[in-house]
Amino acid sequence: MSSLVRIAGALNAADEMHQFGLILPVVVGSQVSGLTSKPVTALVDTGAHRSALDKALASSLCIEPFGSEPLDVVGGIAREVGLSSCSIGFQGGVVVKLGEVAIDDLPVFCPVIIGRDILGIGQLIVDFTQG
């Protein structure tokens, strides 16, 4: 029997279905210091095997890369991205601690990408009827 993990609460007026997909409010924090966190928006990307943080966001939270890995993109050329660790908090109080998150240049509208590493923990429930 699989457990049900609600990693996102009901969408409200600030949340939206962006032209690129579902945008959610999250709080990103450093696992090292635990003192620094920031509320931002995240894009849910079911095609991304690993979640990612924007370089500028990571830097502002003192999240420094400890390694790197190649990133393959559909129709693109593989390149190296940084790896680090962080915590991502969702509505409802669920916090996911990631041992490896990609650090890369991301679009301004979504400084965080939620990938299958988080989505695979449980089930993402989006309830458009409550808010």
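1. A nonpolar core is taken here as a set of buried Ala, Val, Leu, Ile, Met, Phe, Trp, Tyr and Cys residues joined through side-chain atoms within 4.5 Å. In this predicted model, the largest such core has 23 residues, and those with the most contacts inside it are V28, L53, I88, V112 and I114. At least two residues of this core come from each of β2, β3, α1 (55-60), β6, β7, β8 and α2 (116-119). Apart from it lies another core, of 6 residues, which includes A48, V81, A102 and I113.

2. Leaving aside residues up to four places away in sequence, V28 touches T36, S37, K38, V40, L53, L57, L61, I63, C86, S87, I88 and V112.

3. Turning to the strands, β2 (residues 21-29) pairs with β3 (residues 37-44) in the antiparallel sense over 7 bridges, and within this pairing V27 has P39 of β3 as its bridge partner. Strand β3 also runs parallel to β8 (residues 112-114), to which 3 bridges join it, with A42 standing opposite V112 in β8.

4. Although Q91 and P25 are 66 residues apart in sequence, their C-alpha atoms are 7.5 Å apart in space.

How values were computed. Residues are numbered from 1 along each chain as its sequence is written. This is a predicted model: local features need pLDDT of at least 70, side-chain atom pairs count only at pLDDT 80 or more; totals for chains, interfaces and linings use all residues. Side-chain values use heavy atoms; hydrogens and water are left out. Two strands pair if DSSP finds at least two bridges between them. Helices (H or I, at least four residues) and strands (E, at least two) are DSSP runs, numbered from the N terminus. Buried means under 20% relative accessible area, exposed over 50%, partly exposed in between (1.4 Å probe, protein chains only). Contact means heavy atoms within 4.5 Å.
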